[in-house]
Amino acid sequence: MSATNIRIGQGFDVHAFGDGDHVMLGGVRIAHERGVLAHSDGDVVLHALCDAMFGALALGDIGVHFPPSDPQWKGADSRAFVRRCNELIGERGWKVGNADITVVCERPKVGPHAPAMRELIAADLGIGIDDISVKATTSEKLGFTGRGEGIAAQAVVLLLPL
């Protein structure tokens, strides 16, 4: 364990839109006129969260632990990734204190689904719902998210010793 009593990590993920009728965000299936191009379920919220957790402990990124070249992760539920990340940080003597996640997209609307996302993430991490923030912003029609070509998310986590 580190000599410090907290660790902070940040994560970022992006996926292009493709064929489909929904997106997965924070473990919630949200109807949408497009899906995402991804090896797993393409949940940018949970992928950014995993990267933040791994980053806080200098454990690499989601691709190191769940490589897209490995067929076992084809179509995988990203909630399993979060639970495994949580196990890995726990094995090293840490737990998530809180997480703050921002989704960047023009559509779908995230706000109505944020409470359900917070609930699922908190359950997977074994912490209180008040320790999870999920919010959204647009990019004011600028860049790939503004043009509706894809979706992105960023996450920051605080890790505390067990």
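Visitor: What should I keep in mind about the model and its numbering?
Guide: Residues are numbered from 1 along each chain as its sequence is written. The model is predicted, so local features need pLDDT of at least 70 and side-chain atom pairs count only at pLDDT 80 or more, while totals for chains, interfaces and linings use all residues, and side-chain values use heavy atoms, leaving out hydrogens and water.

Visitor: What makes the radius of gyration of the protein chain agree with a compact globule?
Guide: The rule, taken over C-alpha atoms, is 2.2 Å times the number of residues to the power 0.38. For 162 residues a compact globule would be near 15 Å, and the protein chain has 15 Å, so the two agree. Its C-alpha trace spans about 45 × 35 × 25 Å along the principal axes.

Visitor: Why is Ser139 called buried?
Guide: Buried means under 20% relative accessible area (exposed is over 50%, partly exposed in between; 1.4 Å probe, protein chains only). Ser139 has 18%, so Ser139 is buried. Buried residues make up 48% of the 162 residues in the protein chain.

Visitor: Where does Ser139 lie?
Guide: Ser139 is in the loop between β6 (132-137) and α5 (143-146). Helices (H or I, at least four residues) and strands (E, at least two) are DSSP runs, numbered from the N terminus.

Visitor: Which residues is Ser139 in contact with, leaving aside its neighbours within four places in sequence?
Guide: Contact means heavy atoms within 4.5 Å. Ser139 is in contact with Val104, Glu106, Thr145 and Gly146, with those neighbours left aside.
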